[in-house]
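Here is a short tour of one protein fold.

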Amino acid sequence: MIDRELLKQSAEAVGVSLDDMALDRFELMEQRLQRWNEHTNLTAITEPDEIVIKHFADSLTVLGAVDIPQGAQVADVGCGAGFPGLPLLCARPDLELSFIDSVGKKLSFIREMLKYEGLFGEVLHERAEELGQSGDYRESYDIVVSRAVAAMNELCEYCLPLVKVGGVFVAMKGVQDEAELGANAIATLGGEIDRIVPVELPNGDKRNLVIIKKISQTPTKYPRRAKKITSKPL
């Protein structure tokens, strides 16, 4: 059982206000996450207060840093068990959210959560680089977010082709400055660093949100195949 007051205060600390209905959704998510984690390895973070801070509040930093319009099309790339996407949707049910991951077992948890929460979301068991070359998804999202563990120059090639011109890619990174590593990839793929937002979670953990604006179309040759992205990063 989560500490609702801790969740409310932690969300406020990163710039997000949660009403009682949102708190109910987060409480249900924590319960289902714990139940699923008994038979499926969704997360190594299992202590309720840590889930509140390291999964929920951490995910909500995106809403504190970026002004996301009502009904925006949002994609969570490399979503795993649904972070940051599920917390974003719990706080903002108006968002049209796509969960994208190439590993299927955790996506089943997301589907169940959407059903139990009464929320709408698209769950895509696909590779991001393939969607980035698909006419239905290429440059179709207002906001793309990713908490995936990948080098910045590789992560940008997976994510920026999905962002529409005028949209934003939010890379949730650690405290180390990776912006320089991603500079060539960002420019090549049609992006421009808008700002880097330093975030401190209530437990003292520090993060950087790298906010990248999409200022021009991504050249048609990108994204490349995953093997090429990792072996010859931009």
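Two strands pair if DSSP finds at least two bridges between them. Helices (H or I, at least four residues) and strands (E, at least two) are DSSP runs, numbered from the N terminus. This is a predicted model, in which local features need pLDDT of at least 70 and side-chain atom pairs count only at pLDDT 80 or more, while totals for chains, interfaces and linings use all residues. Residues are numbered from 1 along each chain as its sequence is written, and side-chain values use heavy atoms, without hydrogens and water.

**The sheet**

Seven strands make an open sheet with mixed pairing. Their order is β3-β2-β1-β4-β5-β7-β6. Which strands stand at the edges? They are β3 (121-125) and β6 (191-200). Each has a single partner strand, so one side of each is left without a neighbour in the sheet. On average, neighbouring strands are turned by 20° against each other, direction ignored.

Now take one pair. Strands β4 (residues 141-146) and β5 (residues 163-173) run parallel and are joined by five bridges. Val-144 stands opposite Phe-169 in β5.

**Helices on the sheet**

Axes are lines fitted to C-alpha atoms, for helices over the stretch in contact; angles run from 0 to 180 degrees between N-to-C directions. Contact means heavy atoms within 4.5 Å. Helix α7 lies across β1 (73-77), β4, β5 and β7 (206-214), and runs at about 145° to β5. Helix α8 lies across β6 and β7, at about 150° to β6.

**Helix against helix**

Two packed helices are described by the angle between their axes and the distance between the axes.

| Helix pair | Angle | Axes apart |
|---|---|---|
| α7 (residues 152-159) and α8 (residues 179-188) | about 30° | 7 Å |
| α1 (residues 4-13) and α2 (residues 20-37) | about 115° | 11 Å |

Angles under 35 degrees count as roughly parallel, over 145 as roughly antiparallel, 65 to 115 as roughly perpendicular and the rest as oblique. α7 and α8 are therefore roughly parallel to each other. α1 and α2 are therefore roughly perpendicular. In α1 and α2, the contact is made by Arg-4, Leu-7 and Lys-8 of α1 with Asp-20, Leu-23, Asp-24, Phe-26 and Glu-27 of α2. In the other pair, Met-152, Asn-153 and Cys-156 of α7 meet Leu-181, Gly-182, Ala-185 and Ile-186 of α8.

**The whole protein**

In total there are nine helices and seven strands. The C-alpha atoms fill a box of roughly 50 × 30 × 30 Å, taken along the principal axes.
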